[in-house]
Amino acid sequence: MSYKAITQTIDLGDGRLVSIETGKLAKQADGSVVVRMGNTMLLATAVARPEAGENVDFMPLTVDYREMYAAAGRFPGGFFKREARPSDQEILISRLIDRALRPTFPDDFHAETQVLVYLISHDKELLPDCLAGLAASAAIAVSDIPFTSPISEVRVARIDGQFVINPYRKDLERADLDLLVAGNSNDVVMVEGEMKEVSEDVLLSALEFAHKAIKIQVSAQEELAAKVGKTKRSYVHEKHNEELKSRIYAYAYQRAYDIANEGNANKKVRSEKFKAIREEFVAGLTSEESAENPFLIKSYFHSVEKKAVRDCVLNERKRLDGRNLDEIRPIWAETDYLPSVHGSAVFTRGETQSLTTVTLGTKLDEQIIDGAVFEGKNRFLLHYNFPPFSTGEAKPMRGTGRREVGHGNLALRALKQVVPDGFNYAVRIVSDILESNGSSSMATVCAGSLAMYDAAIPLKSHVSGIAMGLISDEETGKYAILSDILGDEDHLGDMDFKVAGTRSGITACQMDIKVNGLSFEVLKEALEQAKRGRIHILDAMDSVQPKPRAEFKPFVPQIVTLVIPGEFIGLVIGPGGKHIQELQKSTNTVISLEDVDNKGVIEIAGSDPVGIQMAVDRIRLMTSVPEPGDRFMGVVKKITTFGAFVEILPKKEGLLHISEYAWEKTPDLAQVLKEGDSIEVQLLEVDDSTGKLRLSRRALLPKPEGWVAPEERGPRPEGRDGGRGDRPRPRRDY
């Protein structure tokens, strides 16, 4: 039995093609597609329940992206040898898809929907994340699940000064801008990426370039959906009571507007006042009315509160906490707060606070990455923690969630751009959010920068971050761009745009747009306003710690790097690691060694400078190349009948033949030397074929007066007249 697949092809404009195929795999899903570019293939499926759950007023969307190790021809690591919990990379890509898809569903569609994207074949030169959003959207487009418009995601990078869509992996190493951009046929809806201090104009140009490619991919999905010909399902997921809705609006709108116009900076006080309006209204209802419509009452009050706050901002040009639109909340910060850590800082902006630490380590502290797509090591880590008390809540601690992974990755992207090349420490930054009311990821950027200054990391400059918001009215054309948004403004607004960077330019950004029709002119205005806010925060940070510490704190491990010829790597390590283990133990250091391009790169770390220097000296001795004529103070290791073996360098021995001990004849070396004795010798010869060393003691002694060299023996005579040529030799059986 065979199935006829339906295929749509997209030309990226440079000869590379992307194909979308449906009708062949996973046909019991509501929608499924296979997206292919080169040898990279993604399978995406979409399934939605027939009906919504009771009293659900949101979109219960689940997006999971998974990378199959078989796709790259590899076994999973670990004991079980199978894919298990998602990696950070898989979580980050899942978030990228989710953030782009979520705004595209109808506001009144509340059926539980699941989108799964699998990497089923991996081309090592084509990163799959830039195709994942296209695959997910196409799976929904060919299904009967309601959808306002397909979306797509592309990677845009600036390589050698030119913008490239979905570049090859090897070329990304030269990029100074790397963004994943999602959008529909009219607007950009999601942005995430990192840059090497680029300007706002360059970022805008990159978004415009990416959007042109997105439009082509959206059009291809629409053509594919037309070929498939599925009709979108009908649904009724909301029930309304228009009379109750009108009563609540009449009762609550002006009251909520007045609270918003008060400008109270305390989140809890504002929340209690809004809650009191609802409780007063419910108190005036009959018991039958309040019992019949609790869900609708809560939903309508939320809608009224949202409209009142938004209208107040647009009309009064004033915000919930009383600030002007571009005003930054009060900032205070402190470095060197924790006495025993390598670097620390507290950064507080309004009701958002981060306590951040920096720990410096060696190569042995690097994170080993063993994914289906990415393998290698990571020397720069940032972990973000969001405990429930930061928002005044009591909730179970369930481990690291997607939010923590995503926020931490954004801060990491922002900070790693300013770490100087050649900094040979592993770095771990940990941000614990102690208070949260908006932009805790950007507080992490600021606290992380201050903590790295405190740890004496020679950063190029401070990095600060700011979260921007937008409130707009499509009917009136009014809009307000908000700097340093609150949590409420994020929830009620139309855009969440986080921008991090230095005085020279942007290092990372993340944007989610919740409405259609955001023009590039408004986006440009938001970027310019964000720049002013970023500089304001940098001024505050510079007033706390204007430059990195001159020296590491006393308890930070010192690291010395040596490079040795590749042929000495085995000598330094020793059989089974014996030599390097002995060296670490005797010098109280931690030593790591890597083979890089047939050279041994050695890192010696420790808190005692004397021990580090001892290790350096011994390794240099072990790897030095002795030359004939060099003099050494050696140690006798073994005595034989024909000479003594003397260690002249660590793990390097030479033969002191009995005839080279003195000018006079020495009958027995054991009578003048014993094992462990120190003896000065000179290197006479290095055998080129074997590397064996021939030593002499007598070459360092004055020649006795009248000394005559003994005559050299001639060849042995042959035959029975004293020779051994025809003498039968005893047979030895082994």
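1. Into how many nonpolar, polar and charged residues does the lining of the second largest cavity divide? The lining divides into four nonpolar, three polar and two charged residues, where Ala, Val, Leu, Ile, Met, Phe, Trp, Tyr, Cys and Pro count as nonpolar, Asp, Glu, Lys and Arg as charged, and the others, Gly among them, as polar.

2. This is a predicted model, in which local features need pLDDT of at least 70 and side-chain atom pairs count only at pLDDT 80 or more, while totals for chains, interfaces and linings use all residues. Residues are numbered from 1 along each chain as its sequence is written, and side-chain values use heavy atoms, with hydrogens and water left out.

3. The structure holds two cavities of 30 Å³ or more, a cavity being a set of points on a 1 Å grid over the protein atoms alone where a 1.4 Å probe fits but cannot get out, with lining residues having an atom within 4 Å of a point. A volume is the space filled by probe spheres set on the points, which are joined across faces, edges and corners.

4. The second largest cavity, with a volume of about 40 Å³, has Glu 21, Thr 22 and Val 34 among its lining residues. The largest share of this lining, three residues, comes from strand E3.

Note on methods. 1 Å grid on protein atoms, 1.4 Å probe; cavity = no way out; pocket = protein on both sides within 12 Å on 5 of 7 lines; lining within 4 Å. Helix = DSSP H or I, 4+ residues; strand = E, 2+ residues; numbered from the N terminus.
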